[in-house]
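Here are some notes to read with the structure open beside you. Take the points one by one and find each place as you go.

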Amino acid sequence: MNVVPEPLPGGPALARGFMDHDEKAAKFYGGHFQPLQNKRQRAAWLDESASVRADRGRLTEVLRAYNAKYNNHEAVRLSLDLLERPETLVVAGGQQSGLFTGPLLVVYKAVTVILAAKEASRELGRPVVPLFWIAGEDHDWDEVNHTYVLNRSGEIAKLKIEAPETGRSSVSHIEVDGENWEPPLRQLEELLQESEFKAGMLELVQAAARKGSMCAAFAEIMGALFGKFGLVLLDSADPALRRLEQPFFRSLITGNETLEDAYHKMASELKAEGFQLQADVAEGGANLFYIHEGARLLLIRKDGVFTDRKGTISFSREELLDLLDRYPERFSNNVLTRPLMQDYLLPVLATVLGQGEISYWGITGRAFEQMGLQMPLIVPRMSFTIVEGTLHKHMEKYGLTFGDVLEGLEEKKRRWLEAQDELELGRRFDEVKASFAAMYDPLIEQIGTVQAGLIKLGGSNKEKILDQISFLQGKVQDAMAKQSEAALRQWERIERSLMPLGRLQERVYSIVYYLNRYGLTWLDGLMELPADYSGTHRIIYM
């Protein structure tokens with residue numbers, strides 16, 4: 001693999017400012033991961049504040065039970081043994097549980113977590129465990145029930161799994177039976193080209209499907225890919241975890257008004273600096289969910305009670321705390337309280353985030369302080385685009401760079417196609433139209449002296465003749481394009497591979513396509529790439 005940095009334009013200004021070490025943005029965060037001094041300071045604070053976090057022994061019991069079901073590897077068991085020790089720290093990162101792991105960025109986040117933990121352990125001389133937080137409590141089924149692959153013809157194919165009526169249930173609690181798994185599994189087998197790795201890859205995803213829910217299947221595949229590297233998995237919707245989180249949920253409820261105030265103050269500071277908010281800081285928002293009859297309802301405070309927008313439920317603070325004591329599994333975090341809960345559960349040295357996540361984490365600084373915590377160090381997720389060998393040759397053949405693909409290839413493709421016109425028919429058609437107009441315009445002017453109404457008729461006649469010439473020119477261009485069909489397919493393959501659906505490759509395609517092409521050794525090669533925690537996008541030339 002040859003890896004070349006390719007910085008991307010744009011992105012949220014706050015995240016970009018943080019990654020560029022702009023002090024105006026950096027002041028909203030816990031610090032950058034790279035400086036060793038930052039790691040030492042964070043580690044020292046974690047040692048001093050151990051009493052504010054959940055009990056390590058109980059946490060490890062919960063994680064052992066979960067990982068034994070989906071991620072039962074010797075390296076993971078070793079990570080959990082280490083986590084039980086008071087000196088062990090964690091590098092965490094997480095994502096929703098997408099179909100067949102969802103887009104490649106999920107894999108890249110796990111890789112970043114593992115490499116950052118390994119580096120921190122070496123630099124600090126103490127254990128640092130990698131942990132992946134599966135956001136199973138999220139309820140947006142339509143966001144996770146599909147993924148994309150390139151099919152045998154080089155076209156973008158969407159895989160989707162249907163499920164019974166999901167309502168607003170947490171994804172982790174939505175059971176998907178074998179009948180529902182069958183269509184995407186069959187489609188995957190039909191779409192992907194034959195390879196020496198296909199049978200093994202299909203066996204992996206079929207075994208995962210037998211686990212039932214989307215989250216369970218996701219965990220099974222992630223365990224198969226990363227368990228050997230010691231990556232611990234955590235499902236945020238695990239009922240056993242909820243019981244462990246109960247004391248912190250109590251603090252979030254009892255201090256809800258001051259917590260909301262902390263979010264609003266930070267949001268105001270961000271806007272005063274000219275940054276746009278990436279998460280909604282609603283007036284009266286409790287920033288917690290309550291699961292009522294299977295539906296995950298966002299709580300707000302209104303008229304002295306905790307309720308939802310539609311008024312389906314309504315509890316006084318005392319009633320809500322009583323429900324927490326009896327049914328902790330009914331409570332759930334939103335995007336602004338999940339970072340706090342992560343820091344309560346785990347001794348988080350650093351957290352791996354994408355640019356959007358970095359932006360909304362900026363809102364949480366004061367909230368961490370309000371809860372007696374400190375924001376962990378931030379590690380921008382590593383970001384890649386994979387350029388396969390044949391594709392790279394096509395790009396060199398047409399003189400294309402990755403930047404060209406980012407901008408869009410339509411204009412460049414049009415110019416290339418025009419350059420194939422060795423007879424210069426395009427120029428000659430344009431000359432004919434110009435010559436015709438030069439001869440016809442004086443004639444139209446003269447016939448106007450015969451009768452004024454003839455000028456309009458002559459102009460209309462002229463446009464019809466020009467349209468017919470253009471029509472013939474279009475037919476000629478179509479014929480020339482047909483002669484260049486093979487080349488145009490190569491242009492399309494470049495765009496579909498690198499910028500599918502107008503988005504970065506890592507945000508669309510699933511890893512299963514690459515596992516089918518290159519096997520698990522491809523992932524091993526990815527793990528051996530030089531780590532880069534700057535957030536710079538990189539191109540991997542295969």
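1. Start in the loop between helix 22 (485-498) and helix 23 (512-518), where you will find Leu-501. Keep in mind that this is a predicted model. Leu-501 has a positive phi of about 55°, although it is not a glycine. Most residues other than glycine have a negative phi. Is Leu-501 buried or partly exposed? Leu-501 is partly exposed, with a relative accessible area of 47%.

2. Now move to strand 7 (residues 285-292), which holds Asn-287. Asn-287 is another residue to look at for its backbone: its phi is positive, about 60°, and it is not a glycine. Strand 7 itself is mostly covered, with seven of its eight residues buried.

3. Which strands pair with strand 7? One partner is strand 8 (residues 295-302), joined to strand 7 in the antiparallel sense over five bridges. To find this pairing on screen, look for Gly-285, which stands opposite Ile-300 in strand 8. The hairpin of strand 7 and strand 8 has two residues between the strands, and here Glu-293 takes a positive phi near 50°. Another partner is strand 11 (residues 331-333), which runs antiparallel to strand 7 and is joined to it by three bridges. There, Tyr-290 stands opposite Phe-331.

4. A second hairpin is worth a visit. Strand 4 (residues 146-150) and strand 5 pair in the antiparallel sense, again over five bridges. Val-149 stands opposite Ala-157 in strand 5. Between these two strands lie five residues, and in this hairpin Gly-154 takes a positive phi near 75°.

5. Next, turn to helix 14 (residues 338-345). Why can we call this helix largely enclosed by the rest of the structure? Because eight of its eight residues are buried. Among them are Arg-338, Asp-343 and Gln-342, along with Pro-339, Leu-340 and Met-341.

6. Stay in helix 14 and zoom in on Gln-342. Gln-342 is buried, with a relative accessible area of 7%. What does the side chain of Gln-342 make a polar contact with? The partner is the side chain of Thr-351, at 3.4 Å. Leaving aside residues up to four places away in sequence, Gln-342 touches Ala-92, Trp-133, Val-348, Thr-351 and Trp-361.

7. Finally, look at a pair of helices. The axes of helix 11 (residues 239-254) and helix 13 (residues 317-326) come within 10 Å and cross at roughly 175°. Angles over 145 degrees count as roughly antiparallel, and helix 11 and helix 13 are therefore roughly antiparallel to each other. From helix 11, Gln-246, Phe-249, Arg-250, Ile-253 and Thr-254 meet Arg-317, Leu-320, Leu-321, Leu-324 and Asp-325 of helix 13. Sorted by class, this contact has five nonpolar, two polar and three charged residues.

Key. Residues are numbered from 1 along each chain as its sequence is written. This is a predicted model: local features need pLDDT of at least 70, side-chain atom pairs count only at pLDDT 80 or more; totals for chains, interfaces and linings use all residues. Side-chain values use heavy atoms; hydrogens and water are left out. Buried means under 20% relative accessible area, exposed over 50%, partly exposed in between (1.4 Å probe, protein chains only). Helices (H or I, at least four residues) and strands (E, at least two) are DSSP runs, numbered from the N terminus. Two strands pair if DSSP finds at least two bridges between them. A polar contact is a pair of N or O atoms within 3.5 Å; within protein, one must be able to donate a hydrogen and the other to accept it, and residues adjacent in sequence count only if both atoms are side-chain atoms. Contact means heavy atoms within 4.5 Å. Axes are lines fitted to C-alpha atoms, for helices over the stretch in contact, and angles run from 0 to 180 degrees between N-to-C directions. Angles under 35 degrees count as roughly parallel, over 145 as roughly antiparallel, 65 to 115 as roughly perpendicular and the rest as oblique. Ala, Val, Leu, Ile, Met, Phe, Trp, Tyr, Cys and Pro count as nonpolar, Asp, Glu, Lys and Arg as charged, and the others, Gly among them, as polar.
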